[in-house]
Amino acid sequence: MGITLYTAPDCIRCKIVKAFLAERGLAYDTIDFKADAQDFNTFYRTNRKAIYRNPEGVEFPLFADGQVIKQGSGEIIAYLLSGHALETCVTRSDMLHGKIAGLYPSQCPDGQEDNFEILVNRLAAGGLQVWLQTDGRKADLLANLLKIKDVHVICNVVGGAEASAKVFGGAPSEEDLSKTLALVQATADGTVRFLAMPLPNGNAWAWPTRDDAAAAAKMVAEACGQPTLPYGITPVTADMVWDMHGLAPLPDQNLLVYRSAARQHLFKADIVK
């Protein structure tokens, strides 16, 4: 079975994928969800579990080759570049209207850095504002990516080294985190934040404790040596890509606890509104 691309009219993400397929000399069939509504609806009903909807509907394009279904320009190009190798660091985007996220350079597998750079280049060159999320590792890769026009970055910390390893699969060295923080600060809208997200706790999950928030701020403060570093505190919510693992949303008073804990080390820590 060959490649079928399911598209929408005037879709910038679809144009990016089409250009990449043409560049690689890959033949494909196109089904427009409006012009070919019956064919698209049949595909959608058959594969509903593999297709997600954002708050404004189905994100296009959709890619099917008889083996996998991929959705969104980031996931599709990552698959075309390296099969399943980039699935740990390229996920669906929770950004719309000319922006794209779901790109995590810190989690890029060793040996896949060049492919990750190609991916970000294509997305940005196609006219999307690219938002990366880093946990402080692979600062050299981040430095290369930030040289690309219209690439932006958020640095997430979820606790100390132990919590980072549980969530991200590894924790940054102080040197790597220091380089990352300098890169984030050098961008016009770079953000460093405590991302309050569920942490594994034995066989269950739990929201971070006050000590986790303090450990995150301490790790950042020691890496950058700037207690006045602007530092945001924000919780994972149901509309983000991150999995809440069935936990109820954090009550607002918990964010105040995180803020007071963070301010022991980063005086400007504040809750993101």
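## Basis

Local features need pLDDT of at least 70 and side-chain atom pairs count only at pLDDT 80 or more, while totals for chains, interfaces and linings use all residues of this predicted model. Residues are numbered from 1 along each chain as its sequence is written, and side-chain values use heavy atoms, with hydrogens and water left out.

## Nonpolar cores

A nonpolar core is a set of buried Ala, Val, Leu, Ile, Met, Phe, Trp, Tyr and Cys residues joined through side-chain atoms within 4.5 Å. Buried means under 20% relative accessible area, exposed over 50%, and partly exposed in between (1.4 Å probe, protein chains only). The largest core has 75 residues. Phe-116, Leu-132 and Tyr-231 touch the most other members. Helix H8 (residues 210-224) gives the most to this core, with 9 residues. Helices (H or I, at least four residues) and strands (E, at least two) are DSSP runs, numbered from the N terminus.

Contact means heavy atoms within 4.5 Å. Not counting residues up to four places away in sequence, Phe-116 touches Leu-86, Cys-89, Val-90, Leu-103, Tyr-104, Pro-105, Cys-108, Leu-132 and Leu-145. Another core lies apart, with 13 residues, among them Tyr-6, Cys-14, Tyr-44 and Phe-60.

## Helix H7

H7 (residues 174-186) has 13 residues, which should span 18 Å at 1.5 Å a residue. The expected span is 1.5 Å times one less than the number of residues. The end C-alpha atoms of H7 are 18 Å apart, which agrees.

Leu-177, Thr-180, Leu-181 and Val-184 are the buried residues of H7. They cover an arc of only 100° around the axis, so they sit on the same side of H7. The arc is that of the directions from the helix axis to the C-beta atoms. These buried residues pack against strand E8 (129-134), helix H5 (139-145), strand E9 (151-157), strand E10 (191-196) and H8. The face turned away from the buried side carries exposed Glu-175 and Ala-186.

In H2, Phe-40, Phe-43 and Tyr-44 are buried. They fall within an arc of 100° seen down the axis, so they line one face of the helix. Their cover includes E1, strand E2 (28-32), strand E3 (53-54), E4, E5 and strand E6 (69-71). Gln-38, Arg-45 and Thr-46 are exposed on the other side of H2.

The whole structure holds 10 aromatic pairs. Rings of Phe, Tyr and Trp (its six-membered ring) pair if their centres lie within 6.5 Å; planes under 30 degrees apart count as stacked, over 60 as edge-to-face and the rest as tilted. Phe-40 and Phe-60 form a tilted pair, 5.5 Å centre to centre with 50° between the planes. Phe-40 is in helix H2 (residues 37-46), and Phe-60 is in the loop between strand E4 (57-58) and strand E5 (62-64), 20 residues apart. Relative accessible area is 5% for Phe-40 and 9% for Phe-60. Tyr-6, Phe-33, Phe-40, Phe-43, Tyr-44 and Phe-60 form one aromatic cluster.

## Two single residues

Thr-7 is in strand E1 (residues 3-7). Thr-7 counts as buried, at 3% relative accessibility. Leaving aside neighbours within four places in sequence, Thr-7 contacts Cys-14, Lys-18, Thr-30, Ile-31, Asp-32, Phe-33 and Phe-60.

Pro-249 is in the loop between strand E13 (231-235) and helix H9 (252-262). Pro-249 counts as exposed, at 62% relative accessibility. Pro-249 and Phe-60 are 29 Å apart in space, C-alpha to C-alpha.
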